Amino acid sequence: MPRKLYYGEDGFLIWNPPFRTAEKIESRNFDIRFKALRSSSGNFISRKCVREYIFNRDGHKCQNCGAVSRLHIDHIKSVCYAATYPEFIPFLNKKENLQLLCISCNSKKAPL
């Protein structure tokens, strides 16, 4: 049976990693926590409803340079940041931490 999805009042999907992934996210080991966050977050932002929401909200253009092609959903504060500062983990996949960037602008960002 598929897991139930939960949406906020604004219609944005609430990130809810599976139990086993959540256990790894709570690990004291940085590498385990980072890999679990990266995988779970990647799955979350690749969901059709999340992509549609962010693309529509950001007007289908890069939030840095305005490009309209080769767009990716980017974490404003990165997965690495969340793995380094676990208190940020609940905010990692909130809509306020996601933005559209073109591949060029995304590759110029610093890791944290």
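## Close-up views of a predicted protein chain

**View 1. The whole chain, its contacts and its overall dimensions.** Of the contacts in the protein chain with a separation of 6 or more, 63% are made by residues 24 or more positions apart. The model shown here is predicted, and the protein chain contains five helices and two strands, which follow one another along the sequence in the pattern α-α-α-β-α-β-α. A compact globule of 112 residues would have a radius of gyration near 13 Å, and the 14 Å of the protein chain agrees with that value. Taken along the principal axes, the C-alpha atoms fill a box of roughly 40 × 35 × 20 Å. The accessible surface comes to about 7500 Å², with 54% of this area belonging to carbon and sulfur atoms, while 34% of the 112 residues count as buried.

**View 2. The largest nonpolar core, with Ile 73 among its members.** In soluble globular proteins, nonpolar side chains tend to be buried together. The largest nonpolar core has 25 residues, of which Leu 37, Phe 44, Ile 54, Ile 73 and Leu 98 touch the most other members. At least two residues of this core are supplied by each of helix H2 (30-45), H3, S1, helix H4 (79-84) and strand S2 (98-102). When neighbours within four places in sequence are left aside, Ile 73 is in contact with Ile 45, Val 50, Arg 51, Ile 54, Phe 55, Leu 98, Gln 99 and Leu 100.

**View 3. Arg 33, a charged residue in helix H2.** Arg 33 has its place in helix H2 and is buried, yet it has no salt bridge. Not counting residues up to four places away in sequence, Arg 33 touches Lys 24, Ile 25, Ser 27, Arg 28, Ala 83, Pro 86 and Ile 89.

**View 4. His 60 and Arg 70 in the loop between H3 and S1.** His 60 is placed in the loop between helix H3 (48-57) and strand S1 (71-75), and Arg 70 is found in the loop between H3 and S1. The phi angle of His 60 is near 55°, a positive value in a residue other than glycine; for Arg 70, phi is likewise near 55°, again positive in a residue other than glycine. His 60 counts as partly exposed because its relative accessibility is 39%, whereas Arg 70, at 60% relative accessibility, counts as exposed.

**View 5. His 72 of strand S1 and Asn 106 of helix H5.** His 72 lies in strand S1, and Asn 106 is found in helix H5 (residues 103-108). Leaving out residues up to four places away in sequence, His 72 touches Gln 99, Leu 100, Leu 101, Cys 102, Ile 103 and Asn 106, while Asn 106 touches His 72, Asp 74 and Leu 101. Both residues are partly exposed, His 72 because its relative accessibility is 34% and Asn 106 because its relative accessibility is 25%. The C-alpha atoms of His 72 and Asp 58, which are 14 residues apart along the chain, are separated by 11 Å. Asn 106 and Phe 19, 87 residues apart in sequence, are 31 Å apart in space, C-alpha to C-alpha.

Technical notes
Residues are numbered from 1 along each chain as its sequence is written. This is a predicted model: local features need pLDDT of at least 70, side-chain atom pairs count only at pLDDT 80 or more; totals for chains, interfaces and linings use all residues. Side-chain values use heavy atoms; hydrogens and water are left out. Helices (H or I, at least four residues) and strands (E, at least two) are DSSP runs, numbered from the N terminus. Buried means under 20% relative accessible area, exposed over 50%, partly exposed in between (1.4 Å probe, protein chains only). Contact means heavy atoms within 4.5 Å. A nonpolar core is a set of buried Ala, Val, Leu, Ile, Met, Phe, Trp, Tyr and Cys residues joined through side-chain atoms within 4.5 Å. Lys and Arg count as positive and Asp and Glu as negative; His and the chain ends are not counted. A salt bridge is a side-chain nitrogen of Lys or Arg within 4 Å of a carboxyl oxygen of Asp or Glu. The radius of gyration is taken over C-alpha atoms; the globule rule is 2.2 Å times the number of residues to the power 0.38. Accessible areas come from the Shrake-Rupley method with a 1.4 Å probe; for residues, only the protein chains shown count as cover.
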